[in-house]
Structure formats: structure tokens, C-alpha cells
Amino acid sequence: MSNQYEVLGKAPGPEELKKLASGDSHVTIKKLSAGYGKMEILHDFDLFVNKAQSLCLIGPNGAGKSTILHSIYGFTNIFSGQIEIEGKEITNLTPAEKLKSCGIAYILQDNSVFPDMTVEENLLMGGFIKENTDESYQEAERIFEKYERLRNRRNQPAKVLSGGERRLLEISRALVMKPSVLLVDEPSIGLEPRYIDMVFEILRDLQENEKKTIILVEQNANRIRISIRSNSNCW
Ligand SMILES: Nc1ncnc2c1ncn2[C@@H]1O[C@H](COP(=O)(O)OP(=O)(O)O)[C@@H](O)[C@H]1O
Ligand SMILES: [Mg+2]
């Protein structure tokens with residue numbers, strides 16, 4: 001399924017969103033009002049995303065796209081409304097609780113690798129809140145098996161990575177916690193064009209083969225539609 005809505009004037013209402021999700025919703029937002037401090041940025045916002053579906057938020061700067069991801073992850077003040085994962089209410093959990101018990105990961109935007117730490121150390125930082133560090137090591141191994149670009153640089157400081165490899169490391173670091181929902185804010189920002197398709201291909205693989213549910217903000221929405229062809233909604 002692939003649909004694109006123009007944000008201005010044609011954003012889908014809750015009923016249309018439910019139809020696009022066409023099944024049991026994995027991430028559900030109901031009538032959410034949220035913002036920063038006392039300032040309300042989102043008003044009565046609804047969203048439904050199915051398991052292994054990807055949904056791309058597009059819109060002008062300042063429209064509140066990042067605020068939607070921040071609210072799901074727990075970085076905003078929530079005034080009213082609900083956020084649910086598989087029908088279970090998680091509205092007021094902390095980010096650490098969301099990562100640990102609900103499988104929600106937020107992929108930090110740009111420049112969040114530690115340049116003087118090795119690629120492996122950076123990757124293991126993704127599991128810092130896990131009680132069982134063996135699990136982080138196991139997951140890191142699986143990631144190194146999968147991504148040769150990281151494997152080859154495993155023991156080198158992260159500053160030697162190219163822009164695209166850094167973005168791959170940022171995404172992979174989130175994967176160490178084995179999340180089921182990935183919140184991705186503008187993954188192509190600051191990347192050279194040749195790396196942009198690589199990043200979208202990685203996200204497509206995570207959706208199709210690892211069945212991750214992906215909510216992303218991305219200006220290059222048309223490019224994503226080419227990369228993430230099936231089972232995706234853009235609006
Ligand atoms: N940490 C913050 N504190 C206060 N206001 C913020 C903060 N982050 C964003 N805003 C405000 O929230 C509004 C929506 O911003 P944002 O969600 O970042 O938009 P987008 O990602 O669509 O460009 C803007 O008016 C912005 O100034
Ligand atoms: Mg933003």
C-alpha cells in the first residue's frame with residue numbers, strides 16, 4: 001500500500017489513518033495535545049501505524065513533526081490524550097521505560113556518535129540501560145555480521161567513518177536494544193546524496209525483513225517512496 005497526501009489542506013483524518021493502518025494498530029495516538037513547558041504545539045493529534053508499517057511525516061519547518069516523535073518517546077509535556085503500543089497505554093512512561101519495556105527507540109539526529117570512541121564502543125553505548133550486558137554484546141555481533149561497513153571499522157575510532165557510515169552507526173546503536181518501533185528524525189539530513197539511498201535501503205530492510213515499525217520525518221519523501229515501496233504511507 002502506498003499513499004501520499006499533501007500536508008496542506010489534505011492531511012488525512014483519523015478515519016483515513018485507521019484505514020491505512022488496516023488492522024491492529026501497533027502505535028496509536030489519540031487526541032494528543034502536547035508541547036514544551038506550557039506551550040502547546042500539538043492539538044488533538046491522532047495517528048495509527050501498524051506493525052512493520054512505515055509512516056513518513058512531511059510538512060514545513062516548525063510544523064511540529066519532531067514534536068510528534070518527541071511526544072511518542074517522552075520528551076514533551078503531554079497535556080491530554082493517549083499514546084498506546086499494541087493497545088497498552090504508555091502515555092506517561094519515561095524514555096528509558098519506553099526503550100526498555102515497550103521497544104521504542106529514538107534515533108538521534110546527526111552528529112551523535114562519539115568520535116574518539118571505537119565503532120564497537122559506540123555501538124555498545126546503545127545498550128547502556130540493559131541489565132544484561134551479554135545481550136548487548138550478542139546484538140552488537142549480529143549487527144557487525146549484517147553490516148560489513150561497520151565490521152571493517154570495528155576497532156577504529158568513529159571519527160574515521162564517512163557520513164553515511166556514521167548514520168548507519170547511529171541507526172545500529174538504536175538496534176542494540178532490539179526495539180520494535182523506530183522513531184527516525186530526518187535521517188538524510190546533512191548526508192551527501194550518494195549516502196541517502198543507502199540509509200533509506202537500510203530502513204527498508206529493517207521494515208521488510210526485521211518487521212520494525214518505522215515512524216520517520218523526512219523531507220526527501222519521494223525518494224523514500226522509491227526505496228520503501230511496499231506497505232508504506234506518506235503524509
Ligand atoms: N525544545 C523546545 N522547546 C520549546 N519549543 C520548541 C522546542 N522544540 C521545538 N519547539 C517549537 O515547537 C514548534 C514545532 O517544532 P518542531 O516539532 O521542531 O517542528 P518540525 O520538526 O516540524 O520542523 C516550533 O514552533 C518550535 O519552535
Ligand atoms: Mg524537526
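Visitor: How do the residues of the shell around ligand 1 divide into nonpolar, polar and charged?
Guide: This is a predicted model. The shell around ligand 1 includes Tyr36, Ile41, Gly59, Asn61 and Lys65. Gly counts as polar here. The division is 3 nonpolar, 6 polar and 1 charged.

Visitor: Which element gives the largest share of the shell around ligand 1?
Guide: Lys65, Ser66 and Thr67 are among the residues that surround ligand 1. The largest share of the shell, 3 residues, comes from H3.

Visitor: What is the bridge partner of Thr28 in E3?
Guide: Strand E2 spans residues 25–36 and runs antiparallel to E3. The two strands are joined by 8 bridges. In E3, Thr28 has as its partner Phe48.

Visitor: How many of the 13 residues of H8 are buried?
Guide: A residue is buried if 20 or more other C-beta atoms lie within 10 Å of its own. Among those of H8 that pass are Arg166, Leu169, Glu170 and Ile171. H8 is largely enclosed by the rest of the structure, because the buried count is 11 of the 13.

Visitor: What covers the buried residues of H8?
Guide: Strands take part, namely E7 (104–107) and E8 (181–185). Helices do too, including H5 (119–125) and H6 (133–146). The cover also includes H7 (148–151) and H9 (193–208).

Visitor: How far does H8 reach from its first C-alpha to its last?
Guide: H8 runs over residues 163–175. At 1.5 Å a residue, 18 Å is expected. H8 comes close to that, with a reach of 19 Å.

Visitor: What share of the 235 residues of the protein chain count as buried?
Guide: The chain comes to 10 helices and 10 strands. Of its contacts with a separation of 6 or more, 69% are between residues 24 or more positions apart. The buried share is 39%.

Key. Residues are numbered from 1 along each chain as its sequence is written. Chains are lettered from A and ligands numbered from 1 in the order in which they are written. This is a predicted model: local features need pLDDT of at least 70, side-chain atom pairs count only at pLDDT 80 or more; totals for chains, interfaces and linings use all residues. Two strands pair if DSSP finds at least two bridges between them. Helices (H or I, at least four residues) and strands (E, at least two) are DSSP runs, numbered from the N terminus. A residue is buried if 20 or more other C-beta atoms lie within 10 Å of its own, exposed if 12 or fewer, and partly exposed in between; C-beta atoms are placed from the backbone. Two residues are in contact if their C-beta atoms, placed from the backbone, lie within 7 Å. The expected span of a helix is 1.5 Å times one less than its number of residues. A residue is near a molecule or strand if its C-beta atom, placed from the backbone, lies within 6 Å of it.
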